[in-house]
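These are my notebook entries on a single structure. I recorded what I looked up, one topic at a time.

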Amino acid sequence: MEQNKAKKHEGDPGNAVMKLDRDFQIGEIDKRIYGSFIEHIGRAVYGGIYDPGHPLADDCGFRRDVIELTRELQVPIVRYPGGNFVSGYNWEDGIGPKDKRPKRTELAWFAVENNQMGTDEFCEWSRRAGTDVMMAVNLGTRGADAARNLVEYCNFSSGTYWSDLRIQNGYKEPHNVRLWNLGNEMDGPWQIGHKTAQEYGRLASETAKVMKWVDPTIELVACGSSNSGMNTCYDWETTVLDHAYDFVDYISMHQYYGNQEDDTPNFLANTMDMDHFIENIIATCDYIQAKKRSKKKINISFDEWNVWYHAFPENEKAVKWQEGPSFNEDIYNFEDALLVGGMLISLLRHANRVKVACQAQLVNVIAPIMTENGGRIWKQTIYYPYLHASVYGRGTALDVLVDSPKYDSKDFTDVPVLDAVAVESEEKDYLTIFALNKGTQDLVTDCDLRDYQGCHVEEMLAYTSPDLKLSNSADCPDRVVPHTSSDYKLEDGRLTVKLAAYSWNVIRIRL
């Protein structure tokens, strides 16, 4: 299609320029930007992290192979238990003796919840997986009372009803959950207990108040818009923060993208929408700060983001009222991995204000990790950009000035073919460049590194595929994996690197 042909800049269309300077600092990266998400939906919990009959199950029924990959990803925090699920969830159903826990109709996803996994088990799983918990409270069917009781159960030491009940249930030490969601997507008509911005803003502020009275050390996330396409977007944040600004620390953002039209250039250009969405939410937060003449700055928790569309046709055939049904099990192709890499670059590009982010979700449900019940495990294509960013993207985010060919697509104008960000490590001994080539041609890129005298390239990882639609599977787990590349030259502070067409690239530079 003509609209998808690249519109070239003046000069060589196959060339780009990146300029880097250690003073071009965006901000310190909060490690929680590499968080994930586990909701009681489909096989995320049952058959995902919890599979007691599996040969690799531990004494709690947790799959050790899932824990191993979670540790490999260095996931710093996992949001739980939802998601839409939390808006109809009674957390008390998931504590105490398992043989006394009720089975419930679960109205968010029309399944049966057996409650064999609950608050205590998930906190125990998180400890074994080396991650922290981001706990959500139900502000759909419940409110401040249930929320403050849950904080007491999780964080109070002893000597009260709920803390002593936790001890009775086998957990003497508090779970010490530090980060909490005040509900989920309460602007959405699909949500159990959907509310107007006025209704939610009042409830969120009162709930936040009593939760912090129980434990003043916790941080709270208010619900922002469910996605950038909501017709109440930005008005919602304005009203909610008008009520809750003094009581919360973050506003949430959620965004998913799909390629139902099979339009790769337009699909990959969605990073521009993500940038625009983040910047508009930042502006809205800062408007309320100015309006209130507050010294406090509200930051962003982008606690749901990913590609999501492959499983929609199968979801239409899903049988209701099953326990742990297969649902929303997107099988990701290489093209999806490219956009995931671009979305990670967008998060890092706004690291001064995006302090928490959760790729949704961790296992089986729109996830980088896939399992078979009782069987094998494998890494989806989107696993690798997430791994690279989480492992190598900790420290200080640096703005990269990019001069690149551009193209127009169906929904976007002047889309840069090259998208990039850099991270200087916490120890100041590495510079890592994350670079995404969204174009159909190899891109020879000149990078000015004169501010880093004496540096050398230690490794370049290139993620490419001969077919954008290739996926990994249990039978072919390594069909699409990154490889090392030697397509670079560093001389006199200038790095010249060839970025393959449609590629995700990680350049590790030793300082």
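Before the first entry I note the cut-off I need: a residue is buried when its relative accessible area is under 20%. I also note that the model is predicted.

**Entry 1: helix α2**

I asked how many of the residues of helix α2 are buried. I listed the buried residues as T119, D120, E121, F122, C123, E124, W125, S126 and A129. I then looked up what covers them, and the cover includes the helices α1 (64–72), α3 (144–155) and α4 (161–168). The strands β5 and β8 (132–137) are also among the covering elements. Just after α2, I found that G130 takes a positive phi of about 70 degrees.

**Entry 2: F85**

I located F85 in the loop between β5 (77–80) and β6 (104–106). Is F85 buried or exposed? Its relative accessibility is 3%, and therefore F85 counts as buried. Leaving out residues up to four places away in sequence, I found that F85 touches E39, H40, E106, A108, W109 and E113. I also looked up the separation of F85 and D132: they are 47 residues apart in sequence, and their C-alpha atoms are 20 Å apart in space.

**Entry 3: F110 and a surface patch**

F110 lies in the loop between β6 and β7 (111–113). Because its relative accessibility is 37%, F110 counts as partly exposed. I found F110 in a nonpolar surface patch of about 290 Å², made together with L107 and W321.

**Entry 4: T381**

I looked for T381 and found it in the loop between β15 (377–379) and α11 (383–392). Which residues does T381 touch, not counting residues up to four places away in sequence? I recorded Y332, N333, F334, A337, Y463, L470, S471, N472 and V480.

**Entry 5: strand β23 and its partners**

Strand β23 covers residues 456–463, and I looked up how it pairs with β27 (residues 503–510). The two strands run in the antiparallel sense, with 7 bridges between them. Within this pairing, V457 stands opposite I509 of β27. I then checked β24 (residues 483–484), which pairs with β23 in the antiparallel sense over 2 bridges. There, H483 of β24 is the bridge partner of A462.

Conventions: Residues numbered from 1 in each chain as written. Predicted model: local features only at pLDDT ≥ 70, side-chain atom pairs only at ≥ 80, totals over all residues. Heavy atoms only, no water. Pairing = 2+ DSSP bridges. Helix = DSSP H or I, 4+ residues; strand = E, 2+ residues; numbered from the N terminus. Buried < 20%, exposed > 50% of the residue type's maximum accessible area, 1.4 Å probe, protein only. Contact = heavy atoms within 4.5 Å. Patch = residues over 30% accessible without salt bridge, like charges linked within 9 Å, V, L, I, M, F, W, Y side chains within 5 Å. Areas by Shrake-Rupley, 256 points an atom, 1.4 Å probe, with all protein chains shown as cover. Salt bridge = Lys/Arg side-chain N within 4 Å of Asp/Glu carboxyl O.
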